[in-house]
Each structure stands twice: as structure tokens, then as C-alpha cells.
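Open the model in your viewer and keep the selection tool at hand. Each stop below names what to select and then what is there.

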Amino acid sequence: MQGVVYHSQSIQAWEQRWFAQQNSSLGLMQQAAWVISQQLIPQFKSKKIQKIAVWCGQGNNAGDGYYMAAYLKQQGIKVTVFATKLGQSADLQQAADYAQSYQVDIQTIDYLLTETAVHQEIPSFDCHIDALFGIGLNRELDQHWQEIIQLFNAQAGLKISIDIPSGLQANTGQALPIAIQADQTFTILGYKAGLFTGQGKQYVGELQLVSLIPPDTQLKPLAYLSPETVVLPKRQAFGHKGSYGHVLVVGGHADMGGAVIMSAEAAFHAGAGKVSVVCHAKHHQAILARSPNIMVRDINLLDQKGIEQLLEHVDAVGLGMGLGRDQWAEQIYQQWFVRLNQNSHLDVVLDADALWFLAKDPQKLNNHVYATPHPGEAATLLGCSAKEIEQDRIGAIQQLQQKYAGQWVLKGAGSLILEKELVICTQGNAGMGTGGMGDVLAGMIASLKAQFHQQIALHEIVSLHAQAGDLLAEKGMRGLQAHEMGKMIYQVVNQND
């Protein structure tokens, strides 16, 4: 795994255990500020950054800011601190006194919001450093703080956040309801989930980890970051189409044929030896015209015996793409679901309308079943709103597995994958938010599971899908179409051969 992600409370408890061993909280502030300052000084010199504003709040995060201001001033950089009233912490007061001892100019943030300051025009700076709030923020910011963050974001120049962009919830990645729009974030001690999922990517910018103290035995991971590189087993020279898995895609209501086509084509591009589509017969001509290598069966002509015979000859099944939600679709779902859930030799992907019917008739999923909802589908499965899902994506995917068992992907910005462990996908882009991308992912999961079964993890497949999307977006994210993913999938599954 690329990195370990912690809950903010775990990091705070880790700090307290460190302090209980007679280590200084003030020393940790100084250490964090020193390390970040030393990384920034060469950058400031190369970019000719000479005037810096450090915005300090009332917690330990502000202490980091005061020390950074002093260290930067020692390097001959002109530094102004915009500060709120100091809190109760003796360490914070000592940090502020240290900055003052180096003649750092300290002014009040509140003054910047007055009519006088607005009319006089706020001085310009080459860089603004955010030390307003740390990882403990769990409440919505009041109007006063929202105005301060809006003012910060409105300034020109480089913007840097210490630990986490102020206003961003550390564990959910949700803005409360506004957050600092940073170009760079230096996160301290350990990664927090909110930096990677939800709205986090929008605010964090370039992320760097500042490791300062050794992990102890009580520090438990919340999640892991997905790997940047996925290495697939090499193909053997004597392999044939039967060696690389047979994928079956089941869906395709009379009114919706595109989803099964995209899913089946993605399965082939990801390396499946054979792909069959079971759908309404009216789509067969279109499927064969696009991809004559796909085998087709009429979904209305398969009885129970026919289904069982077909399942004996396949390795993985995707169910639900373009299935629809009417009475016909429900009958098809019931006809297939029980057999797929019980048939342990198959890897099964439930997507789209199959998740709708699962929500209507909740069943426990076996471990070979992979469910791939987007936030709206997850909301239906949990009986809540999509907004509630996005407010706590990690909590949502944990609830999904508790309620339904099986293995899960919660799609979206910073897709979450819950197998034995929780993994956050760090790749992908906003251009992938378009119809059909989920069908492509379902096809890739079925394909790579058909080929490798337990040799490949679900999070590795999600990473490959995201990497393909990033390749597709190299010339721009706007206007990406899912049916164009094929060549990119082909590239990423062959990238290490």
C-alpha cells in the first residue's frame, strides 16, 4: 500500500501519548514549523516570494503558524501575521511571543473585515499561509469565520495550508461549509481521510506529509491509500482464450442497451478471454456491429435450466447494467440473483439497477459478490439521502458492509473500497463523472476477477479504472465519454509487461 490513513481522533490520542512520555507539545509545534519552513524556503527563493502573510487562529495549528513566521523572518523574508485573539494555551502564547521577539509584524484578522480595511485595500502578499484551524474542527463555521476564509481565498498569491485546509473536516472531506482553497498542504504526523475523499481534492492542492514522531503500537489505521502501480501476472506463452476467463454481462432492458455494451467491451479491453452478454434481443445487432467478438443470448429465452447451464461455463458475472426497474426487470433480477449469490465459484458484480432491487429486498451478500454503488445508490441502500452519504463516506461504506456483507466500492471523488480493509483510491478525475463510467468499472472488475480471482484485489481494479480515466483526461476533463475508455484500459493493464 502507498500510505496509511488515520482518523483525526487517533492522531490526537497519539500526540497525547507522546506528550505523556515527557515529550514537549511546544517542541512538537517548533519541530513542525521548522520542517515545513525548511521545505518552503528554497521554493520561495526560486519563485522570488518575498512578502508572506501567516493567518493564525486560536489552537495549536496557530502555534505552528507563529513559529513558521519567526523562522521565515530569520531568513530575511518579510512576514506579517494576521491573528485572532489568543486562546487559553500557554504554548500558543509562547509561540506568539517568540514571533514578536523576531519583530514579526502581528495584526488582527478582525481588522481586515472592517469597512476601513476594505476601503483601504488589503496589502498584497506573494504567499498566504493558513494556520487558522487544525484537524479538530467538527462544527460548521459561523458567519464570521466564513467571511475570514472567503477573504483568504480572495487574495492573490500562493496559498499554503498547515495540516489541513481550514474549514475542511479531517475525516469526511466535507467543507464546513467553506474551506481554504490551498495550492499546497503540509499535513502533520499522518494522513487524514478527508484529504483524499469527498470534497478534499478540491481544497488540498499538492499534498506533503510531515512525519515527526514514530508510530506506537496503539495507533491503528483507519484506511490505506491505493497503490500508484498495479502489476498484473504475466501471460504464459501457451495460454488461449479459455485461460483468461469468461465474463457474462446480464442486463440490457429493451429501452437501455448501451450499458451492457460498454461493460462487455471494457471486459474485453481488460483482458478477458471470452465475453457474453445476456440482454434483450433488440440490442444484439448493435452489440455485434460494434464488437463481433462478443457472444449474445436473449435474456427472455433463458429458463432456470438454461441459466444454470450458462453459469457452469463462465467465471465472473456482472448483473444490473441497464436492467431497468419495472416489473420485467424485477423478475429478471430475482431469477438471477439467488443463483449468483449462492454460486461461490463465480465472482459477481452488482451494479446499477441490481442495487436498486437489492435495496428493495435486502439480502446478505456472500464474499464473492462485489457491489459498486454511487452515492445516490448507496443512499437508496441505506434509506437516507445522497447528501448524508457524502457527509460521511467512510461511515456509509462501513454501514453498507454491516447491513449487506459482501465487498464494496463507493464511487465518487476519492472512491472507497472496503474488502478486508478500507482503501481510498487517490487517482481519477472529475471528468469521469459521466454516464457509463460505472458500467465500464463493473466490466473491468468482472474481467480481472475472471482472469485472476483472488490474485488481484478489488482496490487494484478500481485503481486501474481510475488510471485509465486519467489517461483519457490528459487533454482535458470536460467532455469525456465512457465508451472511449477502451484503449486506455488496454494501456493500463499492459503498462508493466
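**Stop 1: salt bridges**

Select R17 and D216: the two form a salt bridge, with their closest N and O atoms 2.7 Å apart. The pair links distant parts of the chain, 199 residues apart. R17 sits in helix α1 (residues 8-20), while D216 is in the loop between β9 (206-210) and β10 (223-225). A salt bridge here is a side-chain nitrogen of Lys or Arg within 4 Å of a carboxyl oxygen of Asp or Glu. By this rule the count comes to 8 salt bridges.

Two notes before you move on. This is a predicted model, in which local features need pLDDT of at least 70 and side-chain atom pairs count only at pLDDT 80 or more, while totals for chains, interfaces and linings use all residues. Residues are numbered from 1 along each chain as its sequence is written, and side-chain values use heavy atoms, with hydrogens and water left out.

Now colour the pair by accessibility. Is R17 buried or exposed? R17 counts as buried, at 18% relative accessibility. D216 is partly exposed, at 23%. The cut-offs are these: buried means under 20% relative accessible area, exposed over 50%, and partly exposed in between (1.4 Å probe, protein chains only).

Next, select K411 and D351. Their closest N and O atoms are 3.2 Å apart, and the pair forms a salt bridge. K411 lies in the loop between β17 (405-410) and β18 (416-418), and D351 in the loop between β15 (347-350) and α13 (353-360), so the pair ties together parts that are 60 residues apart in sequence. K411 and D351 are both buried.

**Stop 2: R393**

Select R393, found in helix α16 (residues 393-404). R393 forms a salt bridge with E390, and here the closest N and O atoms are 2.9 Å apart. R393 is buried, at 1% relative accessibility. E390 is partly exposed, at 26%.

Now show the surroundings of R393. Which residues does R393 contact, leaving aside its neighbours within four places in sequence? They are T197, G198, P375, L410, K411, G412, A413, G414, S415 and L416. Contact means heavy atoms within 4.5 Å. K411, one of these contacts of R393, also forms the salt bridge with D351.

Stay on α16 and pick Q399, which is found in this helix. Q399 is partly exposed, at 42% relative accessibility.

**Stop 3: α13 and α14**

Select α13 and helix α14 (residues 375-382). They pack at an angle of about 15°, with their axes 8 Å apart. That makes α13 roughly parallel to α14. Axes are lines fitted to C-alpha atoms, for helices over the stretch in contact, and angles run from 0 to 180 degrees between N-to-C directions. Angles under 35 degrees count as roughly parallel, over 145 as roughly antiparallel, 65 to 115 as roughly perpendicular, and the rest as oblique.

The crossing of α13 and α14 is left-handed. Show the side chains: L355, W356, L358 and A359 of α13 make the contact with E377, T380 and L381 of α14. By class, the residues of this contact are 5 nonpolar, 1 polar and 1 charged. Ala, Val, Leu, Ile, Met, Phe, Trp, Tyr, Cys and Pro count as nonpolar, Asp, Glu, Lys and Arg as charged, and the others, Gly among them, as polar.

**Stop 4: α9 and α17**

Select helix α9 (residues 258-269) together with α17. Their axes are 7 Å apart and the packing angle is about 40°. α9 and α17 are therefore oblique to each other. A259, M262, S263, A266 and A267 in α9 meet D439, V440, A442, G443, M444 and S447 in α17. This contact has 7 nonpolar, 3 polar and 1 charged residues.

Zoom in on S447, which lies in α17 (residues 437-452). S447 is buried, with a relative accessible area of 0%. Leaving aside its neighbours within four places in sequence, S447 contacts V247, A267, A270, G271 and A272.

**Last stop: the whole chain**

Zoom out. How many helices and strands does the chain have? The secondary structure comes to 19 helices and 19 strands. Helices (H or I, at least four residues) and strands (E, at least two) are DSSP runs, numbered from the N terminus. Of the 497 residues, 57% count as buried. The C-alpha trace spans about 85 × 50 × 50 Å along its principal axes.

Methods. A crossing is left-handed if the near helix is turned anticlockwise from the far one by less than a right angle, and right-handed if clockwise.
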